[in-house]
Amino acid sequence: MQWSKVIALVGGQGVSLGGGYVLLIAMNWTAIRLGGSSAVTALMLAATVPRAVMLVFGGAVADLLGPRFVLLRTTSARIAVLAAGAAVVATAQSLWPLMVIAVLDGVLFGLSSPSTGSIIPNLARRTHLARANSLYAMVLRVAPIVGSPVGAWLIAVGRLWQALLVTALTSAVWLACLVYVTRGLPRPARGRRDGGLLRHSADGLRLLAAHGRLRWMFVASLCLDMAFGWPIDVALPLLVSDRGWGVGAVGVIIASFSGGALCASAVGAALAHRIPVMVRLVVSGAGIGAGIAVMALMPSVTGLAVVAAGVGVMSGFNGPAIVTVYQQAAPASRMGAAMSTLSLASIGTGPVSIALFSSLSAGLGLRTTWLLCAVLALVAPAAVLLALRHPESVEAEAEDTDKVSDRGTERPTSEVAVEAARPEAAPRPASTPA
């Protein structure tokens with residue numbers, strides 16, 4: 001376990017993500033000043049659509065060129081984009097520079113994200129991979145808590161170009177950490193480059209189609225993200241408004257959820273390898289589904305906040321566990337493609353969840369639709385149980401398939417014995433060329 005590199009990776013990514021939230025708040029608030037809600041919507045689309053599209057290719061690029069090659073170049077390009085953007089917005093008060101920055105930043109993030117996810121398995125042994133992912137999840141929880149207030153403060157006392165420079169500096173810290181962390185990472189074999197980028201961009205989907213553990217873990221992640229999207233982003237503010245609790249209740253409930261998830265991630269960073277995978281995946285998944293259902297029925301802010309904290313705790317164990325099992329099952333040569341597919345399950349489901357369940361709530365009502373989300377969340381632990389019935393890795397599953405195939409064409413014992421007695425049938429040392 002290369003803990004020094006894991007800590008450098010997680011710390012550098014935390015600083016970079018904190019800068020990302022500084023930029024998010026500063027750009028959104030500036031867009032509101034320039035064009036109102038329609039400008040914010042356009043800005044969010046300019047950032048999220050390229051990000052989702054490039055995630056598909058980001059995994060293939062990581063597998064073809066290696067995570068070090070991708071991360072050093074995309075991070076350097078991001079620093080240049082942010083620095084140039086700061087120079088432009090310092091003199092231009094219009095929306096178009098923000099749109100350009102958002103598009104380029106989304107493209108670079110989508111290209112680099114699978115590479116970041118594929119590094120941790122190279123640094124942490126299988127027995128400690130869950131701890132490393134829990135530590136990473138802990139940083140993901142802290143970044144918005146630190147970055148968002150800083151972004152709001154910079155806009156309140158300064159201007160957007162200052163927020164852009166701060167984000168560029170955090171990216172420079174991330175780049176310095178990457179130079180250290182990725183030194184010595186093996187390069188992909190030349191044979192991986194056969195077929196081109198477009199062909200390899202579908203490797204993640206091919207893995208899902210061919211291998212049961214990956215497929216069912218993807219289903220589990222997809223169901224949980226779909227179940228979370230609408231209740232947190234849309235239903236919670238509506239519920240609070242309907243019950244006359246005041247907008248502050250939304251902040252209390254979300255803070256309770258985030259605090260619970262943060263505590264669970266901290267525990268996981270220390271003890272995840274000692275907690276049975278059934279507890280981290282199946283029990284926590286069932287707890288998330290039950291908790292979402294209970295949240296819809298709570299009659300007070302205090303009760304809802306307590307349940308939200310419990311759901312956060314379960315989520316803090318469940319999320320890193322899903323990532324860990326997915327990484328352990330995926331082949332190292334296609335880790336980037338696997339991680340890009342898993343990332344799409346989270347990034348791509350938010351808008352779908354909001355659109356789907358908002359439409360359903362118009363006919364079914366707020367509470368019934370919320371309970372339907374809880375039912376969807378309960379599909380996740382069932383999918384995990386199906387996933388755990390399959391071999392632990394893609395390689396092991398392929399070996400099992402070969403054995404089944406061999407049994408289907410089994411020859412008489414006497415014929416096998418005769419062939420085994422031939423000199424050319426004797427096994428050769430591994431160093432002997434075929």
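Here is a short exchange about this predicted model.

Trainee: How many helices and strands are there in the protein?
Mentor: Happy to start there. The protein has 434 residues, of which 46% count as buried. As for its secondary structure, there are zero strands, and the helices number 16.

Trainee: What share of the contacts with a separation of 6 or more comes from residues 24 or more positions apart?
Mentor: Good one to ask of a chain like this. Among contacts in the protein with a separation of 6 or more, residues 24 or more positions apart account for 85%.

Trainee: Are helices H10 and H14 roughly parallel or antiparallel?
Mentor: Let's take the geometry step by step. H10 covers residues 277–295 and H14 covers residues 366–388, and their axes lie 7 Å apart at an angle of about 170°. Angles over 145 degrees count as roughly antiparallel. H10 is therefore, relative to H14, roughly antiparallel.

Trainee: How many nonpolar residues does the contact of H10 with H14 have?
Mentor: From H10 come residues including Met278, Leu281 and Ile292, and they meet a set in H14 that includes Trp370, Pro381 and Leu388. By class, this contact of H10 with H14 has no charged residues and two polar ones, while the nonpolar count is 17.

Trainee: Is Thr167 buried or exposed?
Mentor: Thr167 sits in helix H5, residues 160–181. Beyond its neighbours within four places in sequence, Thr167 contacts Gly19, Gly20, Val22, Leu23, Arg78 and Leu82. Its relative accessibility is 0%, so Thr167 counts as buried.

Trainee: Which residue has its backbone oxygen 2.9 Å from a polar atom of the Thr167 side chain?
Mentor: Look at the side chain of Thr167 again. One of its polar atoms lies 2.9 Å from the backbone oxygen of Ala163.

Definitions and conventions
Residues are numbered from 1 along each chain as its sequence is written. This is a predicted model: local features need pLDDT of at least 70, side-chain atom pairs count only at pLDDT 80 or more; totals for chains, interfaces and linings use all residues. Side-chain values use heavy atoms; hydrogens and water are left out. Axes are lines fitted to C-alpha atoms, for helices over the stretch in contact, and angles run from 0 to 180 degrees between N-to-C directions. Helices (H or I, at least four residues) and strands (E, at least two) are DSSP runs, numbered from the N terminus. Angles under 35 degrees count as roughly parallel, over 145 as roughly antiparallel, 65 to 115 as roughly perpendicular and the rest as oblique. Contact means heavy atoms within 4.5 Å. Ala, Val, Leu, Ile, Met, Phe, Trp, Tyr, Cys and Pro count as nonpolar, Asp, Glu, Lys and Arg as charged, and the others, Gly among them, as polar. Buried means under 20% relative accessible area, exposed over 50%, partly exposed in between (1.4 Å probe, protein chains only). A polar contact is a pair of N or O atoms within 3.5 Å; within protein, one must be able to donate a hydrogen and the other to accept it, and residues adjacent in sequence count only if both atoms are side-chain atoms.
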